[in-house]
Amino acid sequence: MLRQPTHWLNKNPWKPWQQTRGTWTVFHTYTTNNNSSNIATAHNTDFSVTDKETCVGNTIYARDTWTNVTPNVLSKMNRKLHLQPTNPIAIIRQLIESHFNDYKAFHSFHPIVTTEQNFDDLLIPKDHPSRAKSDNYYFNQHTLLRAHTSAHQLQGLVSGEEKFLISGDVYRRDEIDASHYPIFHQIEGFAYYNNDPAALKAQLKQNDLSADNIHLLDDTIVKPSNPIQDCHSAESVQIIAADLKHAINTMIYRLFANEPDLKVRWIDAYFPFTSPSWEVEILYKGQWLEVLGCGVVQQPLMNRAGLDHKIGWAFGMGLERLAMVLFDIPDIRLFWSEDKRFIEQFNPGIIQKFKPFSKYPPCIKDISFWVPREEWHENNFCEVVRGAAGDIVENVQLIDEFVHPKSKRRSLCYRILYRSMDRNVTNDEINEIQDKVRSVVQEEFKVELR
């Protein structure tokens, strides 16, 4: 499901990576080679790019002014961490699916979707900020890498399954730090029933919840700011919302069964495709951390699938966020590691705390420049840095901003923290990468380096 850009839901075309112009530039294999004997892996991808077209597999996508998908992202499309049995992301998916054991699980919907699937089918307005180029990876104006698994809700509904789960990799341009990565993974659940209060009461009977280690806070009520849809009765919504909350709470109780003194709270929320809507948060290291969004599905979505007389609920959650909490993983890049010291720590179906195997020292470099007059999008800057430097970048942070009093020119200074997850890096190596970053940033954004 989709967040508002600054909460739930994770421009110029990308040019510097084009090796040649007017001819095919082919990237057949994404390979990780390292000095460490613990790592030696290759992943087959099949994509190619020219000035006019992007080809993935046997499908060609014409490029236009919206095109901003990058080789760095395309090269990881076949990784599918949610299907690798010993990856913590897949372990969380497996546990959720085992909890919802009478739901049909869809794992393999293709990540390239239309804007209709990603936005229009979910009633997301044409001017909604989540459609921005600075937040998404577009092949062209009509095609992009899905920003959420909700892009496949309609496919799930027309499948004939009344209860289903959808999991997969999703793609959003974002900042660079220990908890953000341009590719992450989601799972969402969907259930619908006959929209008749008597039938709902008979069908949906919840058991009492009991968990000594979990404190549940839920004082949410239906109100004008989080309303019932006009086509739904208050009685039906009350019953189906109770079913939704029971399904979510029991899942959380199961996932966090071994976490001491866990606090969980429900709060009101807004999403274009559910009403009423809620978010669920957990208290983690002294801060409330959002783990999922949910709500009663907007009836027009049900009607599009020919389910006019049904009422449904849905939830969506990020698997990385849960895995980082449950497995105590400090850096999101670790999920992509192919170091055996990481991979061999985990077993399917079991939550176990990550044991750090190294903490290599960082190397910090700054880059400052005068920016052009036009609008500046930090997500685009981070995407260029990651594309030039790869996953050795741990964090990018704006540390200074200055406007010249006379010329009114704006200067930005970013601090880039480089650190490998599996080996020491030398200052000479990082200097070479930093020079590449400076060159690419200058070419892509037409900035004046300082």
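Reader: In β10, which residue is the bridge partner of Y171?

Author: This is a predicted model, in which local features need pLDDT of at least 70 and side-chain atom pairs count only at pLDDT 80 or more, while totals for chains, interfaces and linings use all residues. Residues are numbered from 1 along each chain as its sequence is written, and side-chain values use heavy atoms, with hydrogens and water left out. Helices (H or I, at least four residues) and strands (E, at least two) are DSSP runs numbered from the N terminus, and two strands pair if DSSP finds at least two bridges between them. β9 and β10 run antiparallel and are joined by 9 bridges; in β10, the partner of Y171 is I183.

Reader: Which residue in β15 stands opposite N194?

Author: β10 also pairs with strand β15 (residues 310–318), in the antiparallel sense and over 9 bridges. Of the 12 residues of β10, 11 are buried, where buried means under 20% relative accessible area, exposed over 50%, and partly exposed in between (1.4 Å probe, protein chains only). The residue opposite N194 in β15 is K310.

Reader: Is R172 buried or exposed?

Author: R172 is placed in the loop between β9 (163–171) and β10 (183–194). A polar atom of its side chain lies 2.7 Å from the backbone oxygen of A147; a polar contact is a pair of N or O atoms within 3.5 Å, and within protein one must be able to donate a hydrogen and the other to accept it, with residues adjacent in sequence counting only if both atoms are side-chain atoms. Because its relative accessibility is 1%, R172 counts as buried.

Reader: Which residue caps the N-terminal end of α2?

Author: Helix α2 (residues 88–99) is mostly covered, with 9 of its 12 residues buried. Among the buried residues are P88, I89, R93 and E97. At the N-terminal end, a side-chain oxygen lies 3.0 Å from the backbone nitrogen of I89, and the capping residue is N87.

Reader: With which residues is A247 in contact, leaving aside its neighbours within four places in sequence?

Author: A247 is placed in helix α6, and it counts as buried because its relative accessible area is 11%. A247 and F100 are 147 residues apart in sequence, yet their C-alpha atoms are 8.4 Å apart in space. With contact meaning heavy atoms within 4.5 Å, the residues are H99, F100 and W313.

Reader: Which strands are the edge strands of the open sheet of 4 strands?

Author: The order in this sheet is β17-β18-β16-β19, with antiparallel pairing. An edge strand here pairs on one side only, and the two are β17 (393–403) and β19 (448–449).
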